[in-house]
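Visitor: I have a structure to look at and some words I do not fully understand. Could you take me through them one by one?

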Amino acid sequence: MSAPTRRLTTAQALVRFLSAQYSERDGVRRRLIAGTWGIFGHGNVAGVGQALVEYADVMPYHQGRNEQSMVHAAVGFARQLDRLSAQAVTTSIGPGATNLVTGAALATINRLPVLLLPGDYFASHAPDPLLQQLEHPVEADVSVNDTLRPVSRYFDRITRPEALIPSALQAMRVLADPAETGAVTLALPQDVQAEAYDWPEEFFAERVWCVRRPAPDPVELAAAVEAIRSAERPLIVAGGGVHHSEAEGALKAFVEATGIPVASTQAGKGSLRHDHPADLGGIGHTGTAVSDALARTADLVIGVGTRYTDFTTASGTLFQHPDVRFLNLNITAFDAHKLAARTLVCDARSGLEKLAEGLAGHRVSEAYEAGYRAGKERWDEVVEAAYRAGDDSAVPTQTQVLGALDAAVGDDDVVINAAGSLPGDLHKLWRSRSPRQYHLEYGYSCMGYEIPAGIGVQQAAPGTPVWALVGDGTYLMMPTEIVTAVQEGLPVNIVLIQNHGYASIGGLSEETGGERFGTAYRFRAADGTFTGAPLPVDLAANAASLGMDVLRAKTVRELREALAAARASDRPTCVYVETDPAPTAPPAEAWWDVPVAETATREAAVEARERYDRQVADRRRHL
């Protein structure tokens, strides 16, 4: 007797399959694919589009305005839910598909799950050349979707209906695997999407994908315990893996038992509350003075869930103790082996718990603990002074904007940022009060991320106040999802900071001999330089035209009032403030390698190269 089947199109089968997938960790079950974002065109409107109508009762649909920003929204959603639930994104073939590439790169670099379902050419090749089809002269099976291969953790093109079965299962495996997750792409030829097939009923059965917590290997664990016991100045570097594994409680218990201090990457900030005695704040190029000073003298650096990017290591110049060694606790062996470290390949929470057991009774010296606590107190005074400086009736600086926001938010508010000068100021100064409050996308540092990510966070945590901090440059990249927030009734708050130029890159340009060329919104002179008054651009009016309530603040006092009003509103609200462009945050405590012209005739570049040669000499290879 043959097994029961159900006759559906490929697209219908896929949507039905996705609606029955669940993740489970620690006994908590969630929808693995909680909804689908989509913009429809001729590559998906009659396939996936029709299927989403067919199964609207089991697969929520969200309408986006830009394909890249739909991926950003899905990434924000997944990050807020600790990667245990994700969203899908469907697009047409052509520009709709290629617009996914930036979002896919962001997801994969940040190890965050998102399912991409771009349309593709006809598998039959019957109507070739198709509208928007890339005709490769020697590889007929290549399409624009192949640009997604290097930025996807799993990729397949479904050229036959039955090929969907193994591929869909592999896609779910990758999305739910904490060591492999990222962007997953199933490219869907449009004729195959609409083709009917007799699917086995078993394909649509409910499946639960276990999100593992692998324990440390006993041999590695013993070596790690011995390394920590023998260290005099150990330092923990907490990365995003602490959050993804919900290891904040285990980290807190570990540091309270051992006295080992914690510095955090952009992704790991908030692993401890800012007022915990062992929390030293950010580390690296955008780190705090106390964190970076301690990093330079640490004899053991314990990385927990970090990738050790160049901002964290100050491009290889930060960890300067002559005998420094590294111990990396990471769920991926690829990251655990960085910096020639001892490895502890396991889940962050289970690893920290086992380390605590092995280190029972061990604690750092009183002198070491007193030293870093005193450094933390000094830095806390720097933060307080930066936040409270200035006159309430004056035009606010960017630092004062952060101080006003710090006073307005509650413990559970979420603050989102990704690019520009704000990430550096936030990493040094923001006082995180809860594990999910600090939401910085700095793996890809993608301008335009903040507003759509705010929508995704709001979907994942309804009722949570969400703040997207956006500079003028970022706003101009991707404001269109404001319309989506209005349409969906999501009260995302935008803090739109106008300083008439790219503050971060402008400063970097000056530092590296570029003389701030092309980094300001000003009138262009005949010689190509930018001079005169700022352009008469009203970004607040633009936000209002897209449906937001807009509150304009000209002074520090008005800013505080506007932030309070925005937090109390149940509508998408923009707080618009023009800031004093002069930098007021504490300067960088560590270097970052941006190569400077080795030869030049302009004095600025010559001087910049001299500074570069002095700084790069401090780089170390940890072998």
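The talk below takes some terms in turn and sets them against this model, which is predicted.

Visitor: Why are helix 15 and helix 16 called roughly perpendicular to each other?

Guide: Two packed helices are described by the angle between their axes and the distance between the axes. Here helix 15 and helix 16 (residues 398–408) pack at about 100°, and their axes are 7 Å apart. Angles of 65 to 115 degrees count as roughly perpendicular, so helix 15 and helix 16 get that name.

Visitor: Which residues make the contact of helix 15 and helix 16?

Guide: Helix 15 brings A386, Y387 and R388, while helix 16 brings T399, Q400, L402, G403 and D406. By class, this contact has 3 nonpolar, 3 polar and 2 charged residues.

Visitor: What makes F17 and F203 an aromatic pair, and what makes the pair stacked?

Guide: Their rings are 4.5 Å apart, centre to centre, with 10° between the planes. Rings pair if their centres lie within 6.5 Å, and planes under 30 degrees apart count as stacked. Both values pass, so F17 and F203 are a stacked pair. The count of aromatic pairs comes to 11.

Visitor: Why is the pair of F17 and F203 said to tie parts together?

Guide: F17 is in helix 1 (residues 10–18), and F203 is in the loop between strand 10 (196–200) and strand 11 (207–210). The parts that the pair joins are therefore 186 residues apart in sequence.

Visitor: How many cavities of 30 Å³ or more are found in the whole structure?

Guide: The search finds 3. A cavity is a set of points where a 1.4 Å probe fits but cannot get out.

Visitor: What lines the largest cavity?

Guide: The lining is R79, Q80, D82, H243, H244, A267, P435, R436, Y438 and H439, and the volume of this cavity is about 90 Å³. Helix 3 (67–80), helix 9 (240–244) and strand 19 (438–440) each supply at least two of the lining residues. By class, the lining has 3 nonpolar, 4 polar and 3 charged residues.

Visitor: What is the volume of the second largest cavity?

Guide: The second largest cavity has about 70 Å³. Its lining includes R25, D82, R83 and H244, and divides into 5 nonpolar, 2 polar and 4 charged residues.

Visitor: Which residues are closest to the centre of the second largest pocket?

Guide: The second largest pocket holds about 230 Å³ of space. Of the 22 residues that line this pocket, H274, D279, K376, D380 and R431 are closest to its centre. Strand 14 (279–282), helix 15 (366–388) and helix 17 (422–429) each give two or more residues to the lining. The lining has 7 nonpolar, 8 polar and 7 charged residues.

Methods
Residues numbered from 1 in each chain as written. Predicted model: local features only at pLDDT ≥ 70, side-chain atom pairs only at ≥ 80, totals over all residues. Heavy atoms only, no water. 1 Å grid on protein atoms, 1.4 Å probe; cavity = no way out; pocket = protein on both sides within 12 Å on 5 of 7 lines; lining within 4 Å. Points joined across faces, edges and corners; volume = space filled by probe spheres on them. Helix = DSSP H or I, 4+ residues; strand = E, 2+ residues; numbered from the N terminus. Nonpolar A, V, L, I, M, F, W, Y, C, P; charged D, E, K, R; others polar. Axes fitted to C-alpha atoms, helices over the stretch in contact; angles between N-to-C directions. Parallel < 35°, antiparallel > 145°, perpendicular 65-115°, else oblique. Contact = heavy atoms within 4.5 Å. Phe/Tyr/Trp six-rings, centres within 6.5 Å; stacked < 30°, edge-to-face > 60°.
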